Amino acid sequence: MTQPLAPQSCSSEKANPQPKRLSELGNGFKDVAQFLEQLTTKVEGKPVFRGQANTDWALQPSALRSNVYGIRNRHHLDRWKTIAGKFISAKSDLEWLALAQHYGVATTLLDWTSNPLVALFFAAQHATRLNGCADGVVYMVDLSSLNQRPDQTFDIFGDWGSVPLCLSEGFHRRAVSQSSVMTLHPTNASTPTDYKSEIVFQLPGPLKFGVQAALKKLGLGAEDVYADINTAASEFSDRLRMECGLDLNS
């Protein structure tokens, strides 16, 4: 009787990628160190950071980007409250908006972090271009260049100027794990940024996997940053596929 073939999801070479992974991890630590070295002259003031997986993406809230629909006025927010109120509760319009951002709805909020390594984590995420993985980028802005929220009851859709407002409080567990700071942007903003920001680091696409591995060793894996089991499971599946040499987009 013929024995059934054992399942072969990976070749023997791909099933044992340890030497390559160790090499990438070592290079990843070097890249993380280089990133931190870049920041040594930029620690004055109150800097916050934002990592983006593609250098082509605008430094702009998702609801203000072209061809994106999101919460841009009170009518949109009231509709969100009606839908989300069946499952969650919030104490203010700003908290409702932050929760929408947390659950993937496009808003006029932009996420930053006071932890530069968290920003590097997001810059190291996979993003495709026609010629392969896109380069990542880390931005920095000084909080002193932003407007501060005047009080607890201000109108988030009102006419309060062109410079974004700094919102330092977090409204959910993920905000704490990401050392989150948010900026609220006016819906009538004519440019992506009306405040001083600068690029402090660019991460070439081919180096991303090594940086991800190094950050994970430093306690900044997806399960740490996102603080939920769904993301941890997704990252685990992605890593299994990468170890087998499979395209994450397949």
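Modeller: In this predicted model, the count of aromatic pairs comes to 2. A pair of aromatic rings is described by the distance of the centres and the angle of the planes. For Phe 35 and Phe 201, the ring centres lie 5.1 Å apart and the planes stand at 65°; an angle over 60 degrees counts as edge-to-face, so this pair is edge-to-face. Phe 35 belongs to helix H2 and Phe 201 to strand E9, so the pair ties together parts 166 residues apart in sequence. Phe 35 is buried, with a relative accessible area of 0%. Phe 201 also counts as buried, at 7% relative accessibility.

The other pair is formed by Phe 121 and Phe 122, which are likewise edge-to-face, with 5.2 Å from centre to centre and 85° between the planes. Phe 121 is buried, its relative accessible area being 5%.

Turning to the core, the largest nonpolar core has 24 residues, of which Leu 120, Val 138 and Leu 215 touch the most other members. At least two residues of this core come from each of helix H2 (18-38), helix H5 (116-123), strand E5 (136-142), strand E9 (197-203), helix H7 (208-217) and helix H8 (222-226). Helix H5 supplies the largest share, 6 residues. Beyond its neighbours within four places in sequence, Leu 120 is in contact with Val 32, Phe 35, Val 138, Phe 201, Leu 203, Val 211 and Leu 215. Both rings of the Phe 35 and Phe 201 pair are thus among the contacts of Leu 120. Apart from this core lies another, of 18 residues, including Ile 71, Ala 84, Ile 156 and Leu 167.

Definitions and conventions
Residues are numbered from 1 along each chain as its sequence is written. This is a predicted model: local features need pLDDT of at least 70, side-chain atom pairs count only at pLDDT 80 or more; totals for chains, interfaces and linings use all residues. Side-chain values use heavy atoms; hydrogens and water are left out. A nonpolar core is a set of buried Ala, Val, Leu, Ile, Met, Phe, Trp, Tyr and Cys residues joined through side-chain atoms within 4.5 Å. Buried means under 20% relative accessible area, exposed over 50%, partly exposed in between (1.4 Å probe, protein chains only). Helices (H or I, at least four residues) and strands (E, at least two) are DSSP runs, numbered from the N terminus. Contact means heavy atoms within 4.5 Å. Rings of Phe, Tyr and Trp (its six-membered ring) pair if their centres lie within 6.5 Å; planes under 30 degrees apart count as stacked, over 60 as edge-to-face and the rest as tilted.
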